[in-house]
Amino acid sequence: MTRSRPLTLLTVVPAGLVLALTGTVPAQADDTAYVALGDSFSAGTGTRASTDDCYRSPYGYPALIAQSQGLALDYQACSGATTADVLNNQVGALSADTDLVTMTIGGNDLGFADVITECALPGWLSDCDGAIADGRAVLKGQLPGRYDKVLAAIDSGAPNADVRIAGYPHLFNGEDCNLATFFSGSEMSQLNAATDELDALVEAKTTAAGHTYVDPRGAFDGHAVCDDAEWVNGLSWPIVESFHPNRDGNIAYADLFSAGAGSAAATSVPPESRSQGFQSSIDQRADAVLNMDLTSPDNLRAAEAAGVSPERLTALVEQLRSGDDAVVADALADLARLDKQHERLEARAGVITR
């Protein structure tokens, strides 16, 4: 859910989606006013089709809903948005004439991107448990009040609107098939459990306010990162696309918000190949691991303290820089094995339950 930089549009955008995205609709459409609030999950991050600093993809679920139903869309959702950003930068678009409001919000308040980044590190460097605990502290102590303020602002700004607010899907299925990330089974379970806690809060606040809660978890079951039919990207390039619903995931979200809306617009959404997701080039995966700076003095000391050979680690990092695809692939696989060995040692010692 990090704020994206402008990206080059990788596909030709169908005219109907452009019209829906800009709020200009075909002549046969009605004048229903639709305001899409929220974060990167509402801005369509993950669809590989950014249009501006906020991302606002023509393949994001708001654009699909608007295109399929002929709605006049005011696309306010912005990648990286928190509840404060919704209050300060988005709800001003609401009015008594607003008919439909959709939103996902809350993940960035809990540090979504930082938590995912921390948990993706090798186990001897990661404080995944601490990162998740920090997010839970905000979830329990601060997010309830923040959600109340957002909902009050929506009610005040759009008193006549149909308001639909969604939670977040489970991102993980228990398997980390990306050689450039180091999630353990326990970490993935904890991340999914934290999603459940966030979704429970969103549901409670939404329904208490008299609005419609949209739960994506059932629909996304079997479509997490590393499932055969992924609706969520694993580690991807550009990095901003990672761990967000792809085009199929946004079609599913649109169907959940408005029955049949995503499916109706699906013919306008070009398919993606898996090579655009986690099956990225070997150089890109090597760069992702090199950016972890595994051989800095502090990180080498942490590795040694955890029983990981600094010499072996240094040698593997040098292999990542070799430029030889076979050598790089072997180094990535060896690093994954080192992480698993560390995980098993720590589990036997009772230190962690990764």
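**Sheet.** I began with the open sheet, in which 5 strands follow the order β2-β1-β3-β4-β5 with parallel pairing; two strands pair if DSSP finds at least two bridges between them. At the edges I found β2 (72–75) and β5 (212–214), each of which pairs on one side only. Neighbouring strands of this sheet are turned by 20° against each other on average, direction ignored. For the record, helices (H or I, at least four residues) and strands (E, at least two) are DSSP runs, numbered from the N terminus.

**Provenance.** I noted that this is a predicted model, in which local features need pLDDT of at least 70 and side-chain atom pairs count only at pLDDT 80 or more, while totals for chains, interfaces and linings use all residues. Residues are numbered from 1 along each chain as its sequence is written, and side-chain values use heavy atoms, with hydrogens and water left out.

**Strand β3.** I next asked how many residues of β3 are buried, where buried means under 20% relative accessible area, exposed over 50%, and partly exposed in between (1.4 Å probe, protein chains only). The count is 5 of the 5, so β3 is largely enclosed by the rest of the structure. In a regular strand the side chains alternate between the two faces of the sheet. Here Leu-100, Thr-102 and Thr-104 point one way, whereas Val-101 and Met-103 point the other way, and all are buried.

**Bridges.** On one pairing, I counted 5 bridges between β1 and β3 in the parallel sense, with Val-35 standing opposite Val-101 in β3. Between β3 and β4, which also run parallel, there are 4 bridges, and Met-103 has Ile-165 in β4 as its bridge partner. Strand β4 (residues 162–166) is in turn joined to β5 by 3 bridges, again running parallel, and there Arg-164 has Thr-212 in β5 as its bridge partner. Helix α7 (residues 143–157) packs on the sheet, touching β1 (33–38), β3 (100–104) and β4, and its direction makes about 165° with that of β3. Contact means heavy atoms within 4.5 Å; axes are lines fitted to C-alpha atoms, for helices over the stretch in contact, and angles run from 0 to 180 degrees between N-to-C directions.

**Gln-76.** I then looked at Gln-76, which lies in the loop between β2 and α4 (83–90). Gln-76 is buried, with a relative accessible area of 16%. Leaving aside neighbours within four places in sequence, the contacts of Gln-76 include Val-35, Ala-36 and Leu-37, as well as Arg-56 and Asn-89.

**Helices α5 and α6.** How do α5 (residues 112–119) and α6 (residues 128–141) pack, and at what angle? The angle is about 165°, with the axes 8 Å apart. The two helices are therefore roughly antiparallel to each other, given that angles under 35 degrees count as roughly parallel, over 145 as roughly antiparallel, 65 to 115 as roughly perpendicular and the rest as oblique. At the contact, Val-115, Glu-118 and Cys-119 in α5 meet Cys-128, Ala-131 and Ile-132 in α6. These residues divide into 5 nonpolar, no polar and 1 charged; Ala, Val, Leu, Ile, Met, Phe, Trp, Tyr, Cys and Pro count as nonpolar, Asp, Glu, Lys and Arg as charged, and the others, Gly among them, as polar.

**Backbone checks.** In the loop between α9 (217–220) and α10 (247–257) I located Pro-238, which a cis peptide bond joins to Trp-237, with omega about -5°. Phe-243 is found in the loop between α9 and α10 too; its phi is near 60°, a positive value in a residue other than glycine, and Phe-243 is buried at a relative accessible area of 5%. Asp-293, in the loop between α12 (282–290) and α13 (297–305), has phi near 55°, likewise positive in a residue other than glycine, but Asp-293 counts as partly exposed at 41% relative accessibility.
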